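Colleague: I have the sequence and the structure open on my screen. Could we go through a few points together?

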Amino acid sequence: MKRSRATLYLLATDWMIIVGSFALALHFRRFSPEMNIVSRYHLIPEMSLVFIYGVVMLGFFSALSLYKRKIQLSPFQHFFTIVKATAVTVVIYILAKSFTKSDLFIPSRLVLLQWGILLLVVLTIHRLMVVRLLFTLLSKTDMRRRVVIIGDTEGASRFIKECNKKADCGMLVIGVMEDADHADTVQSVPFLGDPAMLPEVISLYNLEGAVICNPALTHQKLMNLVEQCVRLFGWVDIHSDQSSTLQRSGSADAHFDIPFVRMHGIPNSLLYKAYKRIFDFTVSLGGILLLSPILISTAIAIKRSSSGPVFYAKERVGKDGKPFLFYKFRSMAQGADQDETRNEQIRNFIQNQQQDETTSKIVNTAYVTPVGKFIRKWAIDELPQLLNVLKGDMALVGPRPVPQAEYEHEDDWHRRRFAIEPGCTGLWKLHATRTGVTFNDSVLYDIFYSRNMNPALDLMIILGTIWIIISGKADG
């Protein structure tokens, strides 16, 4: 998964600042006579731990939006975010030390205080002064990323104008592409033809990326363009009416004050796949063991309160459209899924999806049992999905699995969210309780997750889902 040169530079320097400021704090305050950065020509264990801890902190820096352009271009907001990142770095270290009681953590409060001060000062100087100076100097040597704008709109013209005015923005607009005949130039940059010609013009103009600024694109055309740009460049920025739900979310960034979202390729490295599988398996197994009293009690309550099986097991569509057996605790009377009224609701649900209307769960409350009402409210009925995660049919985080009948009626671009395993929860879940969220919106959240998934985003979604459950809105 490609990242911009600026982001890679900031990731590397932030890690070095975290580790380096910790080393300086140790050097300035030797709370133990033999304690220093090195001991007998090798790193002390306490210092080695911070090498790993620094990598973890980069995920929190990302979650705090420290790598988003809209933060970096606002000095006050940038400084405020640096203060938060510094506080989070030191506080999490202190909490980890308190809970683990490990000798690998530095016990000296003065060292930790000095670390926090050094980290804040160096991060501030580097990001607010050194980085801006470097970007300004690099812009004068044509080190900016060479991009093409797809779409001839007011937003595209404004984007080009702002890029020309602010040479330190990191991008150099080479030309405009549009799905129509056009004049020779737009805002003084040449018209390069139809987006279908993109593979041919890349080498001709040495292009390194694309920004889509076309509000008139349909969802299908937008996703086709995204696929093409990601395949060619590894990333694409999107500003479109069809992606407006993402542009209004916390996942959005901004070029100048124009909101956009960035899509990458789906992570396919063996290292990331191994992390994802180990994380899912470990957490789901731990969840089953930890929640076993609730699982057993629920099974007994369901069996004693109504006739029928404890589990509701039906086929759902998984990765690449392959079916799998999906588990839930039964929350409705036996045979509820055969009711003709429910079948009519499903047909209406599919029709609403096609018309992009606001949709909600298909539930005939007359069939919900008293036990079912309780377990649905607190998402206990969803816990057997941890078995699906153990089997490898699902992940903890991913798109919502759907019945085969729904999948068959979906458009091609809808189905692209199943390029990854479906999840017990997902980015869609965090927004499902909002009014006005359509089916297309929820699909966009799933696709955005698949194109940007990382450990920090997984953690945010899991914690957000836990909060929804605690708030009693899991069945919303």
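Colleague: Which residues touch the most other members of the largest nonpolar core?

Modeller: Bear in mind that this is a predicted model. Its largest nonpolar core holds 72 residues. Those touching the most other members are Ile149, Phe159, Leu198, Ile212 and Val236.

Colleague: And how many residues are in the other core, the one with Val90 and Val111?

Modeller: That core lies apart from the largest one. Its members include Val90, Val111, Leu123 and Val131. The number of residues in it is 30.

Colleague: Back to Ile149, then: which cysteine does it touch?

Modeller: Setting aside residues up to four places away in sequence, Ile149 touches Ala156, Phe159 and Ile160, among others. Val173, Gly175, Val176 and Met177 are also on its list. The list includes Val211 too, and the cysteine on it is Cys213.

Colleague: How many disulfides are there in the whole structure?

Modeller: A disulfide is a covalent bond between the sulfur atoms of two cysteines. Cys213 is buried, at 4% relative accessible area, and its closest cysteine sulfur, in Cys163, is 9.4 Å away, so the two are too far apart for a bond. Searching the whole structure gives a disulfide count of zero.

Colleague: One last thing: which residue's backbone oxygen does the side chain of Asn452 reach?

Modeller: Asn452 belongs to helix H18, residues 439-452, and is buried, with a relative accessible area of 12%. Beyond its neighbours within four places in sequence, Asn452 has contacts that include Met263, His264 and Leu457. Its side chain comes to 3.2 Å from the backbone oxygen of Arg262.

Technical notes
Residues numbered from 1 in each chain as written. Predicted model: local features only at pLDDT ≥ 70, side-chain atom pairs only at ≥ 80, totals over all residues. Heavy atoms only, no water. Core = buried A, V, L, I, M, F, W, Y, C linked by side-chain atoms within 4.5 Å. Buried < 20%, exposed > 50% of the residue type's maximum accessible area, 1.4 Å probe, protein only. Contact = heavy atoms within 4.5 Å. Helix = DSSP H or I, 4+ residues; strand = E, 2+ residues; numbered from the N terminus. Polar contact = N/O pair within 3.5 Å; in protein donor to acceptor, adjacent residues only side chain to side chain. Disulfide = S-S within 2.5 Å.
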